[in-house]
Amino acid sequence: MNTNISNYNRNLKLNTSIENRTIYSADYAELNVFETRQVAESVNLQFGFPIIASMLTGKKIMHLEGMKSFDFFPGESVVLPSDKKMLIDFPLANSKNPTRCLALGIDPDKIKETVEIFNENTRIDFENDHHSFDASAVHLANNHQVQFVLDRIFSTFLEDGKAKDALLDLMVKELIIRLLQTKAKVMLLDNETLFDNNRMAFIVKYMREHLTENIQVDKLADKACMSTSNFYRSFKNTLGESPIDYLNGERIKFAKKLIQRTNSKFADIAYKSGFNNTSYFNRQFKRFEKITPNQYRKLVKDNLT
């Protein structure tokens, strides 16, 4: 881990003293490294995808809905579902001893794919499971196997080799399987149980395959053979957000990949991602990512230099 932090420090370009963010991207995962250099309280953080967060240095106090507040130290991890709001205190952070944390976002499709492969070979067992099924976040305090994989993933993100993406793909799958062997499995499988034999599965698949088209809620309701009001309510109850919010979230994920892989103008990226209005695209990007498209591109480019 010390080597990883040393390599990270070589590329660090500090923009702010509180939760300075460095982004590393791969095909099915995004690594965010956060650094805070001053004492702070109630810092709000939220991700639009499932994440596993791991402390690198320092201490945080985590305040998560549905859980008692807890101290978060190096060697520990927290698994959170999409859009989980966090309030974070930094009681010890300073410029000489910054608090650092990594947050690894994993594409839900990669989770689904790995769960299916894992379940074909080793049936996932709930009968002997004593973990709470109500947990909306999971704190893993002493899981050395999960931490070992996270350390390797962090190290690989910092590399420049041609096999980087292939290695990360394997490591992310390993991490998911390790998490399926912990109390975090309930959270990872939650999306699967929601989608089994559910019309929403077809709708979500349709939305992902037609991101660039003009998709109206009433059209989605027709495809689900439901009234518009009933479809809207059912979709929001199943996925926790409105159809338009979900669609915009998927479009922003696609736009991020275009920003990572091309030098296209933002107007072109907005259009290719299904947004007909660049201003609306900019507002939605900042809403989901907390930074502008231009700031995101700069972060990505800084990490490549």
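The lining of the largest cavity divides into eleven nonpolar residues, no polar and one charged. Here Ala, Val, Leu, Ile, Met, Phe, Trp, Tyr, Cys and Pro count as nonpolar, Asp, Glu, Lys and Arg as charged, and the others, Gly among them, as polar. This is a predicted model: local features need pLDDT of at least 70, side-chain atom pairs count only at pLDDT 80 or more, and totals for chains, interfaces and linings use all residues. Residues are numbered from 1 along each chain as its sequence is written, and side-chain values use heavy atoms, without hydrogens and water.

**Cavities**
- Three cavities of 30 Å³ or more are present (a cavity is a set of points on a 1 Å grid over the protein atoms alone where a 1.4 Å probe fits but cannot get out; lining residues have an atom within 4 Å of a point).
- The largest cavity holds about 60 Å³ of space (the volume filled by probe spheres set on the points, joined across faces, edges and corners).
- Its lining includes F34, F47, K60 and C101.

**Nonpolar core**
- The largest nonpolar core has 33 residues (buried Ala, Val, Leu, Ile, Met, Phe, Trp, Tyr and Cys joined through side-chain atoms within 4.5 Å; buried means under 20% relative accessible area, with a 1.4 Å probe and protein chains only).
- L104, I153, F157, L175 and L179 have the most contacts inside this core.
- Helix 4 gives the largest share, seven residues (helices are DSSP runs of H or I, at least four residues, numbered from the N terminus).

**Helix 8**
- F231, F235 and T238 are the buried residues of helix 8.
- Seen down the axis, the buried residues of helix 8 fall within an arc of 70 degrees, so they line one face (the arc is that of the directions from the helix axis to the C-beta atoms).

Notes. Buried < 20%, exposed > 50% of the residue type's maximum accessible area, 1.4 Å probe, protein only. Helix = DSSP H or I, 4+ residues; strand = E, 2+ residues; numbered from the N terminus. 1 Å grid on protein atoms, 1.4 Å probe; cavity = no way out; pocket = protein on both sides within 12 Å on 5 of 7 lines; lining within 4 Å.
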